[in-house]
Amino acid sequence: MALLELERVNTFIGSVQVLRDISINVDKGEIVCLVGRNGAGKTSTIKTIMGLLRPKSGTIRFKDEDITDLPPYRRARLGIGLAPDYRGIFTDLTVEENLQFPKWVIKRNRNQSGSNIEKEVHAIFPELDRLRKREGLVLSGGEGKMVATARALMLNPELLLLDEPLEGLAPIVLVRFAERIKKIREALGIAILLAESNIAHASRVADRIYVVERGEIVYGGSVEDVSRDEQLNRLVRGF
Amino acid sequence: MKTKYIIALIIGLLLASVLPLVIPKYYTYVLSVTICFAIYALGYNILFGRTGLLSFGHALYLGIGAYTVAALMRPELGPYRIFSMELLLLAAIVTSAIVGLGVGALCIRYTRIFFGLINLGFVMVWHALLLKLYHITGGTDGLPVYIPSTLGITLPYETFRTFSFYYYVLAVFLIVTYVMWRIYNSPFGLALKAIRENGVRAEFIGIPVGRYRLAAYVISAIYGGIGGALWAPLSGQVSPDVSTWLTSGDVVMMNILGGMFNFAGPIVGAFLFYNLKIQIMHFTTYWSFILGLSAIFFVLVFPGGIMGWLSTKMKKFYGQKA
């Protein structure tokens with residue numbers, strides 16, 4: 001049984017249909033990537049999984065539980081962590097305060113102290129110690145993405161959603177961040193679903209990919225297959 | 001730094017304790033009323049400054065607290081009349097919490113201007129009810145408020161409003177301020193700050209935004225109720241004037257003048273606003289004109305409020321020293 005399963009999900013924003021019959025699954029410990037051009041529906045899929053967009057039809061199952069109608073905070077408490085494409089951190093709060101919330105949430109709702117996951121997260125992102133007292137507003141793009149990812153991990157999730165984590169990063173930072181994504185899986189053994197518009201970036205980390213085009217899944221399989229298929233390749237590269 | 005705060009607190013407490021012994025009686029009364037408004041403003045700030053919800057109708061709770069006290073003292077209740085200030089405060093807390101829960105459950109579905117206007121609507125409805133339900137509320141005349149007993153002791157009438165009740169109001173103020181301080185520094189208080197910045201982000205890290213907004217609303221309603229309940233015996237009479245859009249606007253001004261993002265801001269704002277109003281009223285009948293100009297001046301010169309400005313200066317000073 002898959003950890004996350006979307007079955008024929010249709011989502012609308014106003015009167016515009018942004019997802020059409022989306023069916024995907026993510027197994028435990030897997031890194032799966034949604035690849036597609038800008039506006040293809042990657043972020044909408046991530047938002048629908050997190051509950052920030054409500055599907056009109058279809059079902060979303062997480063750990064064999066139907067979560068289609070659950071609000072975002074309940075999904076977070078069940079074990080889905082999200083690091084959004086915009087940095088998504090609280091700019092008025094310090095890095096330490098940003099990371100405090102999830103710790104408090106899991107302490108209250110899962111009776112976990114959060115100290116183990118905190119150690120693991122700091123081991124993956126040692127820079128966090130240096131940034132502890134810094135306000136979210138003054139963080140650089142890369143630092144912001146790191147804090148947003150760390151915050152999602154502090155929830156001790158079983159599924160981590162990363163929306164465009166490598167977008168806009170300098171080449172050296174990008175390589176390092178891609179390594180961190182793999183390290184997250186190694187250290188915590190959790191599943192990761194990420195959205196990426198660049199197939200080359202996706203190939204650095206993903207076990208499997210789904211190609212999204214105009215709100216539909218047009219392909220699901222290995223990165224190598226996409227690279228071999230000229231039509232798919234053209235589709236994800238946008239030319 | 002912490003020791004400095006403790007020393008400042010002790011000096012402040014000593015000053016507040018001896019003040020009624022040295023200042024004219026009238027000013028002790030003014031000070032007591034100011035403290036009541038400070039409680040009202042402090043409660044309003046958890047909603048406005050901390051959670052980012054601007055209400056234009058919060059005098060509803062000031063009125064509910066005041067009218068609860070007056071209603072429970074009515075002679076018609078016979079042997080069931082309540083004179084114990086502690087019981088009256090408890091009743092005001094319960095009524096404002098119940099009303100806050102009902103009104104809040106409807107209001108928190110909306111944010112920004114819609115939230116503000118729905119609250120304004122509620123205070124207008126409440127004001128109209130106070131005027132029209134004459135047999136219950138006394139209409140425009142309102143209801144008389146008698147001298148309550150405090151901690152089981154009936155204080156002498158002559159000095160109640162100008163001396164003895166001041167200490168009771170001060171004690172309640174210290175307790176509710178401490179409680180609010182604890183709330184602000186709890187994970188819940190921090191979560192409200194996160195909600196103010198971005199409700200969606202707060203939601204996906206596991207914070208039930210709607211529930212927390214409602215909790216903040218009810219807390220702020222309770223503080224309004226406590227402020228009103230303490231103010232009623234000082235006033236001796238409650239009338240619909242206590243719950244208007246004007247008194248709702250006053251609390252917004254108190255928060256802005258004092259500094260809505262600073263814990264002490266609303267307290268300082270309440271002292272500044274009410275005393276400024278009283279002083280100007282002594283000199284001219286055009287007090288609202290002068291008060292309006294003063295408000296414009298303060299907002300332009302101190303956009304973060306007095307405490308916001310002071311806190312920036314202190315940070316700079318200590319930063320330079322270090």
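Visitor: Which residues are linked with Arg37(A) in a network of salt bridges?

Guide: This is a predicted model, where local features need pLDDT of at least 70, side-chain atom pairs count only at pLDDT 80 or more, and totals for chains, interfaces and linings use all residues. Side-chain values use heavy atoms, without hydrogens and water, residues are numbered from 1 along each chain as its sequence is written, and chains are lettered from A and ligands numbered from 1 in the order in which they are written. A salt bridge here is a side-chain nitrogen of Lys or Arg within 4 Å of a carboxyl oxygen of Asp or Glu. By that rule, Arg37(A) is in a network with Glu213(A) and Arg214(A).

Visitor: How many residues apart in sequence are the parts that Arg37(A) and Glu213(A) tie together?

Guide: The closest N and O atoms of Arg37(A) and Glu213(A) are 2.6 Å apart. Arg37(A) sits in the loop between strand 3 and helix 1 of chain A, and Glu213(A) in strand 9 of chain A, so the parts tied together are separated in sequence by 176 residues. Helices (H or I, at least four residues) and strands (E, at least two) are DSSP runs, numbered from the N terminus.

Visitor: Is Glu213(A) buried or exposed?

Guide: Buried means under 20% relative accessible area, exposed over 50%, and partly exposed in between (1.4 Å probe, protein chains only). Arg37(A), at 32%, is partly exposed. Glu213(A) has a relative accessible area of 12%, so it counts as buried.

Visitor: Which residue forms a salt bridge with Lys42(A)?

Guide: Lys42(A) belongs to helix 1 (residues 42–50) of chain A. Its relative accessible area is 3%, so Lys42(A) is buried. The side chain also reaches the backbone oxygen of Arg37(A) at 3.0 Å. The salt-bridge partner, with closest N and O atoms 3.8 Å apart, is Glu164(A).

Visitor: Where in chain A is Glu164(A)?

Guide: Both Lys42(A) and Glu164(A) are buried. The two are 122 residues apart and link distant parts of the chain. Glu164(A) lies in the loop between strand 7 (159–163) and helix 7 (171–188) of chain A.

Visitor: What is the N to O distance in the salt bridge of Lys63(A) and Glu158(A)?

Guide: Lys63(A) is partly exposed at 35%, and Glu158(A) is partly exposed at 31%. Their side chains meet at 2.8 Å.

Visitor: What is the bridge partner of Asn10(A) in strand 4 of chain A?

Guide: Strand 1 (residues 4–13) and strand 4 (residues 55–62) of chain A run antiparallel, joined by six bridges. In strand 4, the partner of Asn10(A) is Ser57(A).

Visitor: Why is strand 3 of chain A largely enclosed by the rest of the structure?

Guide: Ile31(A), Cys33(A) and Val35(A) cover one face, and Val32(A) and Leu34(A) the other. Strand 3 pairs in the parallel sense with strand 8 (residues 191–196) over five bridges. Four bridges join strand 3 to strand 9 (residues 208–213), also parallel. Strand 3 is largely enclosed because its buried residues number five of the five.

Visitor: What is the phi of Arg8(A) near?

Guide: Most residues other than glycine have a negative phi. Arg8(A), in strand 1 of chain A, is exposed at 52% relative accessibility. Its phi is positive, near 45°.

Visitor: Which helix of chain B gives the most to the side that touches chain A?

Guide: Contact means heavy atoms within 4.5 Å, and 20 residues of chain B are in contact with 23 residues of chain A. Helix 8 (187–197), helix 9 (199–204) and helix 10 (209–235) of chain B each supply at least two residues. With eight residues, the one giving the most is helix 8.

Note on methods. Polar contact = N/O pair within 3.5 Å; in protein donor to acceptor, adjacent residues only side chain to side chain. Pairing = 2+ DSSP bridges.
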